[in-house]
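Subject: The structure, with notes

Hello,

Here is the structure I promised to pass on.

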Amino acid sequence: MIKSMTGFGKAEFEVSNKKITIEIKSLNSKQLDINTRTPALYREKDIIIRKAIAEKLVRGKVDFNIYVENLGDETNSKINEPILKGYYNHLSEISKDLGLVVDHSTLQSAMRLPDVVKTEYETLDETEWENIYSNILSALDEINDFRAKEGEALETDILGNVESISRLLKEVEPFEKQRIEALKVRLTDNLEALKMNGNVDENRFEQELIFYLEKLDINEEKVRLANHCEYFLETAKQNGSSGKKLGFISQELGREINTIGSKANETNIQRIVVQMKDHLERVKEQLLNVL
């Protein structure tokens with residue numbers, strides 16, 4: 001079963017007066033590349049998050065984000081009253097000495113001075129984390145479902161192209177006998193053109209002909225290409241990550257197709273080879289996104 005590396009998963013929920021949104025997006029990549037963006041409160045769990053992503057998604061470029069919206073009246077930022085009052089009184093005295101008016105702007109100036117606003121760092125509650133982690137797993141399951149659906153479309157296209165290569169391979173056979181006869185005629189015509197026909201040893205001529213035929217024989221390549229196509233189709237139906245393996249098999253398909261093309265020495269077979277290459281390029285392009 002082919003799965004895509006492209007996917008998207010999302011989870012939204014409320015916990016501890018917070019609205020938390022988890023978003024996970026994955027694209028194709030040769031390896032697993034994880035990028036996480038989480039609030040400072042949850043960064044201590046980064047290793048656990050990465051491990052869960054690696055187990056569930058296996059491969060791809062993954063962007064993981066946690067967004068937090070505070071729903072309550074509480075805030076981590078607090079005004080340090082003693083320091084603010086000290087600043088305000090000091091600024092008021094200076095303003096009076098300089099003959100300036102003491103008003104709300106004096107308070108605004110004091111608010112901007114160092115240490116007036118202090119941030120109290122909260123600690124992560126384990127119950128809250130368990131809720132978050134459960135939703136992370138749900139988002140990962142959602143992205144895997146997305147990948148599976150995308151994989152169905154990929155599978156139809158990829159297998160269709162491989163089957164087309166198998167079909168085209170069968171079309172080569174009728175032109176092989178024609179190719180042999182054409183080669184024999186060409187060699188004979190060349191000998192006649194050189195006016196050496198009467199001095200040619202027929203046995204030697206047959207030996208040379210056999211030599212050329214063996215050199216241009218494509219039966220082994222045809223058998224290997226047919227086997228590779230069958231192996232590709234079998235591998236594509238297996239569970240698990242098969243993208244890399246299918247990529248290796250497609251390379252073998254390319255080698256056999258290229259060899260058939262170089263040995264063909266016949267216009268119709270070469271045209272079929274060009275069509276095979278076209279289907280193989282489509283396969284390789286789609287395999288870039290297969291898990």
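Below is what I found, going from the overall layout to individual residues.

**Before you start**

This is a predicted model, in which local features need pLDDT of at least 70 and side-chain atom pairs count only at pLDDT 80 or more, while totals for chains, interfaces and linings use all residues. Residues are numbered from 1 along each chain as its sequence is written, and side-chain values use heavy atoms, with hydrogens and water left out.

**Overall layout**

The protein has 8 helices and 6 strands; these are DSSP runs numbered from the N terminus, with helices being H or I of at least four residues and strands being E of at least two. Starting at the N terminus, the order of elements is β-β-β-α-β-β-α-α-β-α-α-α-α-α.

Of the 291 residues, 36% are buried. Buried here means under 20% relative accessible area, exposed means over 50%, and partly exposed is in between (1.4 Å probe, protein chains only).

Among contacts with a separation of 6 or more, 79% are between residues 24 or more positions apart. A contact means heavy atoms within 4.5 Å.

**The strands**

Strand 1 and strand 2 pair in the antiparallel sense over 9 bridges, where pairing requires that DSSP finds at least two bridges between two strands. In this pair, glycine 7 stands opposite serine 26 of strand 2. The two strands make a hairpin with 2 residues between them, and serine 16 in the turn has a positive phi of about 50°.

Strand 2 also pairs with strand 4 (residues 60-70), again in the antiparallel sense, over 10 bridges. There, lysine 18 is opposite asparagine 70 in strand 4.

**The nonpolar cores**

A nonpolar core is a set of buried Ala, Val, Leu, Ile, Met, Phe, Trp, Tyr and Cys residues joined through side-chain atoms within 4.5 Å. The largest has 29 residues, and Ile158, Leu225, Phe232 and Met276 have the most contacts inside it. Helix 4 (126-193), helix 6 (219-236), helix 7 (243-264) and helix 8 (267-287) each supply at least two of its residues, and helix 4 gives the most, with 8. Another core lies apart from this one; it has 23 residues, among them Val15, Leu41, Val62 and Ala139. As general background, nonpolar side chains in soluble globular proteins tend to be buried together.

Beyond its neighbours within four places in sequence, leucine 225 is in contact with Ile165, Leu169, Leu253, Glu256, Ile257, Ile260 and Met276.

**Helix 7**

Helix 7 has 22 residues and spans 31 Å from first C-alpha to last, close to the expected 32 Å, a figure that is 1.5 Å times one less than the number of residues. Its buried residues include Leu253, Glu256, Ile257 and Ile260. Asparagine 265 follows helix 7 and has a positive phi, near 55°.

**Salt bridges**

A search of the whole structure finds 15 salt bridges, each a side-chain nitrogen of Lys or Arg within 4 Å of a carboxyl oxygen of Asp or Glu. Here are three of them:

- Glutamate 23 and lysine 10 meet at 3.9 Å, N to O. This pair links distant parts of the chain, with glutamate 23 in strand 2 (residues 18-27) and lysine 10 in strand 1 (residues 7-15), 13 residues apart. Glutamate 23 is partly exposed at 22% relative accessibility, and lysine 10 is partly exposed at 34%.
- Arginine 167 and glutamate 171 meet at 3.2 Å, N to O. Both lie in helix 4, 4 residues apart, about one turn of the helix. Arginine 167 is partly exposed at 44%, as is glutamate 171 at 33%.
- Arginine 224 and glutamate 220 meet at 3.7 Å, N to O. Both are in helix 6, 4 residues apart. Arginine 224 is partly exposed at 33%, whereas glutamate 220 counts as exposed at 53%. Salt bridges that share partners join Glu220, Glu221, Arg224, Glu256 and Lys263 into one network.

Best wishes
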